[in-house]
Amino acid sequence: MSEQKYAISCWPDVDEIYEALNSLIYKPLHPIKREKMKEYLDYFENKCSTSKKLTDRAKKFIPGGVQHNLAFNYPFPIAIEKAKDAYLWDVDGNRYVDFLQAGGPTILGSNYEPVQQKVIELIKDCGPVTGLFHEYELKLAELINRHMPSIELFRMLGSGTESVIGAIRAARTFTGKVKIIKAGGAYHGWSDQMVFGLHVPGTGPMEAHGIPQECYEHTQEFFPDDLDQLRTLLETNENEGGTAAIIVEPVGPESGTRPIPFDYNKKIRELCDEFGALLIFDEVVTGFRVGLDGAQGYFGVKPDLTVFGKAVAGGYPAAGGLGGRHDVMERLAAGLETGKTRAYVGGTLSANPLSCAAGYYSILEIEKTEANIKAGKAGDKLTAGLKELIKKRELPFVAYNQGSICHLETSAVMLMDIRKDAKKMIMEAKPRKHMMEEMGAAFLAEGVITLAGSRLYTSMADTDEVIDEALASFDQVLADIEPVE
Ligand SMILES: Cc1ncc(COP(=O)(O)O)c(C=O)c1O
């Protein structure tokens, strides 16, 4: 048994991170040298030709030729054929260290065999879905409750997005209030109400194309570093239908890309209590990854509702769940007769036996192997290594982590502050985003897949050897950055 209970060995120094990020933002971009970037693009042309053919064909039938927001588009998407433990193999047979980790669900590593076997057994017995109750629904709910006592009742749903919708609906039904407040820059899925203040705080409906204004009329955002603004919103809302809930990612917006002080969640809990709003923790990323009792265990803050996704189905499809206080959650009762004011949620494939069994056995395996703690240690080693490389190369880049959620900011595009310099943001968003794309492509050409060139999830499969291999690849890329003048 490890002495460490959580994947996060030490909460990062948030002031120090922002100081470094602000300095990065106000320096000119430091992209990869042009001749080196050309070599990286040649890698794609020469070594990834089958991916190119496939994704070119896909463009005829699939918008943009790729269906996943986390997939690389630059210079073209890579088609993956095999995934095992810490590695991915593309259709041309190239092997990569996988820090995308499908966006976070695979804490045990990819395609973890003990879970895979249980899933195969289940499929042989009853197929993936029957539409009727299966014991695994109960086993999963009991297991989650054992680890996270705040989850008195639990409903399995199809995705994190759906579960956020359910949480908001339950909060409104229970409180009779209407406004929902989120931290600016946070991601809570792509529902009509939540495509608001995405990526960068203060951007409101900037990305809400195709969404009528009425849909996000009651969604509000606050600048994550300004809890006074949050208080003002709560006060104003008192005369405008009240605040049903505040929803946060407990390690900070965009999976901690925008880190928050340790006592942040506690302060938000206090504000919720003062104003009679529910506190929703979106633990889609942090659930089981930060600790078996989630980020709520780590921070010692009890939310009213918790949203799950990703790891709740162990990396298998239909990964969503919603749990929390009995009196709130009972509003979500399913079945034909309920008699109470009900917050309607559903889904043909929600709570299917396959997802529930995969989630159940994954969580059991995480418990048995301490996978999340091992993943956290790998994240610490990776981040420490990246910091050393940045220092060695005298670069302005910034590396930090919350356990197995690691960040490598090379252009800090999402960290620009609209309050300070909206003009700079408008002028620089595109080139800064492109630099991230280039970094992502370069890392890939050197054998490492990241999330959008700036986030890296580690798993139990990331042994010291895997991290050393990855750091050697990062070093290759960082060796060829335009020098700081
Ligand atoms: C914090 C957070 N909430 C919600 C979601 C949406 O989950 P899903 O992609 O399963 O709809 C995500 C997805 O990345 C997420 O990171």
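**Close-up views of the predicted model**

View 1. Helix α7 (residues 227-237) lies across β5, β6 and β7, and runs at about 150 degrees to β6. Contact here means heavy atoms within 4.5 Å; axes are lines fitted to C-alpha atoms, for helices over the stretch in contact, with angles from 0 to 180 degrees between N-to-C directions. Helices (H or I, at least four residues) and strands (E, at least two) are DSSP runs numbered from the N terminus. This is a predicted model, so local features need pLDDT of at least 70 and side-chain atom pairs count only at pLDDT 80 or more, while totals for chains, interfaces and linings use all residues. Numbering starts from 1 along each chain as its sequence is written, and side-chain values use heavy atoms, with hydrogens and water left out.

**View 2. The open sheet runs β4-β10-β9-β8-β7-β5-β6.** Its seven strands show mixed pairing, where two strands pair if DSSP finds at least two bridges between them. β4 (153-157) and β6 (219-222) stand at the edges with a single partner strand each, so one side of each has no neighbour in the sheet. From one strand to the next, the twist averages 20 degrees. Strands β7 (residues 243-248) and β8 (residues 278-282) pair in the parallel sense over four bridges; Ala245 has Leu278 as its bridge partner in β8.

**View 3. Ile268 sits in the largest nonpolar core.** A nonpolar core is a set of buried Ala, Val, Leu, Ile, Met, Phe, Trp, Tyr and Cys residues joined through side-chain atoms within 4.5 Å. Of this core's 92 residues, Phe222, Ile268 and Phe474 touch the most other members. The biggest share comes from α14, with nine residues. Leaving out residues up to four places away in sequence, Ile268 touches Phe222, Leu227, Leu230, Ile246, Val248 and Leu279. A second, separate core has 32 residues, including Tyr136, Val312, Ala313 and Met460.

**View 4. Thr410 sits in a loop between β12 and α14.** The loop links β12 (405-409) to α14 (422-445). Thr410 is buried, with a relative accessible area of 2%; buried means under 20%, exposed over 50% and partly exposed in between (1.4 Å probe, protein chains only). Not counting residues up to four places away in sequence, Thr410 touches Leu24, Phe397, Met435 and Met439.
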